[in-house]
Amino acid sequence: MGENELRWQLRQLPAEIDPPRDLWPGIAARLPAPAPRRRIAPWLGGLALAASVSLAIGLAWQLRTPTAASLDPQAELVQREAEAMTREYLAALGQFEGAPVPDPIAPALATLDRSAVEIRAALDADPDATFLLGQLRRTYARRLELTQRAAGATPA
């Protein structure tokens with residue numbers, strides 16, 4: 001059989017062939033039953049929120065501690081900016097105090113909280129690293145965005 005003859009036979013085949021019967025019931029019967037959703041304890045969200053609030057209190061307490069770099073005007077300006085940003089962040093976060101935190105979001109919130117503490121520590125160690133202010137601002141903004149999403153509304 002030549003190549004042209006094979007192509008001719010292929011062109012003669014129908015483009016679509018419907019099965020003689022509905023196959024879905026047989027497929028559905030072979031699928032495993034969906035696993036029941038695990039109900040996560042409602043107190044776990046409260047625990048995550050309590051951890052976040054305690055971290056916020058720790059950040060506020062850390063703001064009251066004087067830094068070694070307070071003699072340098074540039075360092076002092078960076079520290080004041082970071083402190084002002086943290087105060088605004090804590091005030092905005094306070095609007096969501098007591099709101100439930102869905103379990104899938106809680107680890108992300110904890111990670112963002114740890115990141116903010118690490119950025120503040122890095123600013124204390126190197127006040128000339130002004131790019132860290134932008135990183136701190138983005139971290140706070142992301143944390144507030146996730147908190148708003150978890151609460152299901154934007155604060156008034």
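The model is predicted, so local features need pLDDT of at least 70, side-chain atom pairs count only at pLDDT 80 or more, and totals for chains, interfaces and linings use all residues. Residues are numbered from 1 along each chain as its sequence is written, and side-chain values use heavy atoms, with hydrogens and water left out.

Let's begin with the overall layout. The chain has six helices and zero strands; helices (H or I, at least four residues) and strands (E, at least two) are DSSP runs, numbered from the N terminus.

Now, how many aromatic pairs does a search of the whole structure find? The answer is one. Its rings belong to Tyr89 and Tyr140, with centres 4.0 Å apart and planes at 5 degrees, so the pair is stacked (rings of Phe, Tyr and Trp, its six-membered ring, pair if their centres lie within 6.5 Å; planes under 30 degrees apart count as stacked, over 60 as edge-to-face and the rest as tilted).

Tyr89 sits in helix H4 (residues 73-94) and Tyr140 in helix H6 (residues 131-151), so the pair ties together parts 51 residues apart in sequence.

Are these two tyrosines buried or exposed? Tyr89 counts as buried at 4% relative accessibility, and Tyr140 is buried at 4% as well. Here buried means under 20% relative accessible area, exposed over 50%, and partly exposed in between (1.4 Å probe, protein chains only). Across the chain, buried residues make up 27% of the 156 residues.
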